[in-house]
Amino acid sequence: MSRTRRIAIARIAQESNALSPVVSTLADFRRTHFLEGDALLDAIQPGGTEAKGFLDDAELSGFAQAAAAHQLNVELVPLFSAWAVPGGPLAAEDHAWFRDELKRGLRAAGPLDGVFLTVHGSMNVVGTPEPEADYFADVREVVGDDVPLAVTMDLHANLSTTKVDPVTVLCAYRTNPHRDHAATGRRAGKILLDTIAATVRPTTAWRSLPMLVGGGFTLDFLPPTLAIFRAMKRWEKHPKVLSCSMFMSHLWLDQGEIGWATHVITDDDPALAAEVAEDLADRCWAVRKSLPPEFPGPREAIAQVRKMTWRRKLGVVAMCDASDVVGAGAPGDATGLLRAILDEGRGLTWFFPMRDPAAVAALESTPIGGAVDLNVGGVLDPARQRPVAVSGTLLNFESTESFGKVATLDLGDVKMVVTEGANLAMKPDFYTDRGLRMRDADVCVVKSFFPFRIYFARYARKSLYVRTEGTTNFDVWRSHDYARPTWPRDDPTSWRPADRARRGVGG
Ligand SMILES: [Zn+2]
């Protein structure tokens, strides 16, 4: 048996929305997912639950599986794993805390043969546009340049030289909506372990495209992006191609140079890595003109629901408030759709999520069944939202692990779940855990772009997206300040000049 190889593992992951005024804190991570030491190790072993309420097996479990299957004798050295529901940029002092904790953990770990880190890749910190680059630099500062660093990212990451250069092995999800967290960890983990075993020598190339949106719905199983995912799998059949990743970037970032990107790892063949990264970049560029769909406004969406008589009888309509998607970091207190429902949604039963810590605090002393008469919403993001006056009765009030304190209101046609914490209304149990029954609803409003479709598959006979006004509008490219020229605000004929400038290469 060979000597034991020691590999430190950690996660710092949040998708942040730079447009949201609601600053994220360490408490948001602790509320969603925070594990360290042996508790982390137990959670990623077979039978463990890595991210309670979300996934039994995510990236770190995938890495543990790769380690167990590998010929090397591997010891996992658990540092910590922190994962928060998407939100506004992280507070600067909490980013500093993560950096200190990461360096402290790495130093305390003793000699290491590798580091495995899971991040999102589109995290924002107040005053720091690329926090993940800081974490990678911190790893390098402690372990030096010779210890391989493997990193997994979301495919909505935004790449840059500061994020790519320090990393030995970089792998992204290849499903959207994402369901290959563990597979991504296994892939990155196997390449890391093969690198340590010296059976491969990773060489990488990446390309950055001046392209903010495109690919239509950007799902892995629908054209036009389906063809790109298939091309990656075809390339990986080449014996020298170890991994292909493509990145569609998160739109709501406070970074000048954002856009789609491709990244390729080959075994000791930099020219092949460049060839594949270019081929994939060409394929991404070719789908840029498939813009995301235009969504109807609330009134039009409500009119559509009225016509769906059978779909409402046989199940529910799931309606995504696409401008206030908590799953993409929005505050969750938008009132545009609520106002339209109160005006025009009468006679239909609506389940509606609202984040409003002040309203929850005000309801704490109300008896169950008591009358409520208050304003909701529009407090966290007052620049974009206005509060709405509602009245009804309090159905229940509880403290929860995921959402903080939660008040459920009966407002007649609208049953409203008001939360203190981020209202990631993505699964039916957001409502059913409050005692609301799916069969009683005509429409369930959700705050998730895609994952809700998986969770609601049993109940929803139709999914509708509605555009209101908020921090997750798809057409943010019209107004936000990005490096130019970029598609679709501009129409560059080639992605290559911007790519060379972004990667800092001549020619
Ligand atoms: Zn993503």
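## Domains

Which domains does the domain assignment give for the protein chain? There is domain 1 (1–199), domain 2 (203–294 + 475–507) and domain 3 (298–466), with bounds that come from an automatic or database domain assignment. Residues are numbered from 1 along each chain as its sequence is written. Keep in mind that this is a predicted model, where local features need pLDDT of at least 70, side-chain atom pairs count only at pLDDT 80 or more, and totals for chains, interfaces and linings use all residues.

Between domain 1 and domain 3, the C-alpha centres are 33 Å apart. Their contact takes 15 residues from domain 1 and 15 residues from domain 3; two residues are in contact if their C-beta atoms, placed from the backbone, lie within 7 Å. On the side of domain 1 that touches domain 3, the residues split into five nonpolar, seven polar and three charged. For that tally, Ala, Val, Leu, Ile, Met, Phe, Trp, Tyr, Cys and Pro count as nonpolar, Asp, Glu, Lys and Arg as charged, and the others, Gly among them, as polar.

## The nonpolar core

In soluble globular proteins, nonpolar side chains tend to be buried together. Here the largest nonpolar core has 150 residues. Such a core is a set of buried Ala, Val, Leu, Ile, Met, Phe, Trp, Tyr and Cys residues joined through C-beta atoms within 7 Å. A residue is buried if 20 or more other C-beta atoms lie within 10 Å of its own, exposed if 12 or fewer, and partly exposed in between, with C-beta atoms placed from the backbone.

The residues with the most contacts inside this core are Ala318, Met319, Cys320, Val418 and Val445. Helix 9 (residues 270–286) gives the most to the core, with seven residues. Helices (H or I, at least four residues) and strands (E, at least two) are DSSP runs, numbered from the N terminus. Leaving out residues up to four places away in sequence, Ala318 touches Cys444, Val446, Phe452, Phe456, Ala460 and Ser463.

## Helix 5

How far apart are the end C-alpha atoms of helix 5 (residues 131–143)? They are 19 Å apart, which agrees with the 18 Å that its 13 residues should span at 1.5 Å a residue; the expected span is 1.5 Å times one less than the number of residues.

Buried in helix 5 are Pro131, Glu132, Tyr135, Phe136, Val139 and Val143. These residues cover an arc of only 150° around the axis, so they sit on the same side of helix 5; the arc is that of the directions from the helix axis to the C-beta atoms. They pack against strand 1 (4–13), helix 4 (92–108), strand 4 (114–119), strand 5 (149–153) and helix 6 (161–164).

## Helix 10

Helix 10 (residues 298–307) has Pro298, Ala301, Ile302 and Val305 buried. Because they cover an arc of only 100° around the axis, they are on the same side of helix 10. An α-helix has 3.6 residues a turn, so residues three or four places apart point the same way. Among the elements covering these buried residues are strand 10 (316–321), helix 12 (336–344), strand 16 (443–446) and strand 17 (460–466).

Turn to the other side of helix 10 and you find Ala303 and Lys307 exposed. Arg306 is also in helix 10, and it counts as partly exposed because it has 13 C-beta neighbours inside 10 Å. Arg306 and Gly347 are 41 residues apart along the chain, and their C-alpha atoms are separated by 9.5 Å.

## Met232

Met232 sits in helix 8 (residues 225–235) and is buried, with 21 other C-beta atoms within 10 Å. Not counting residues up to four places away in sequence, Met232 touches Arg174, Cys244, Met246 and Leu280.

Two cis peptide bonds are worth a look. One joins Asn176 and Pro177, with omega about 0°; Pro177 lies in the loop between strand 6 (169–172) and helix 7 (181–196). Another joins Trp487 and Pro488, with omega about 5°, and Pro488 is in the loop between strand 17 and helix 16 (496–503).

Then there are the positive phi values. Ala198 is not a glycine, yet its phi is positive, about 65°. Ala198 lies in the loop between helix 7 and strand 7 (202–208) and is exposed, with 7 other C-beta atoms within 10 Å. Asp268, not a glycine either, has a positive phi of about 55°. The loop between strand 9 (261–267) and helix 9 holds Asp268, which counts as exposed with 11 C-beta neighbours inside 10 Å.
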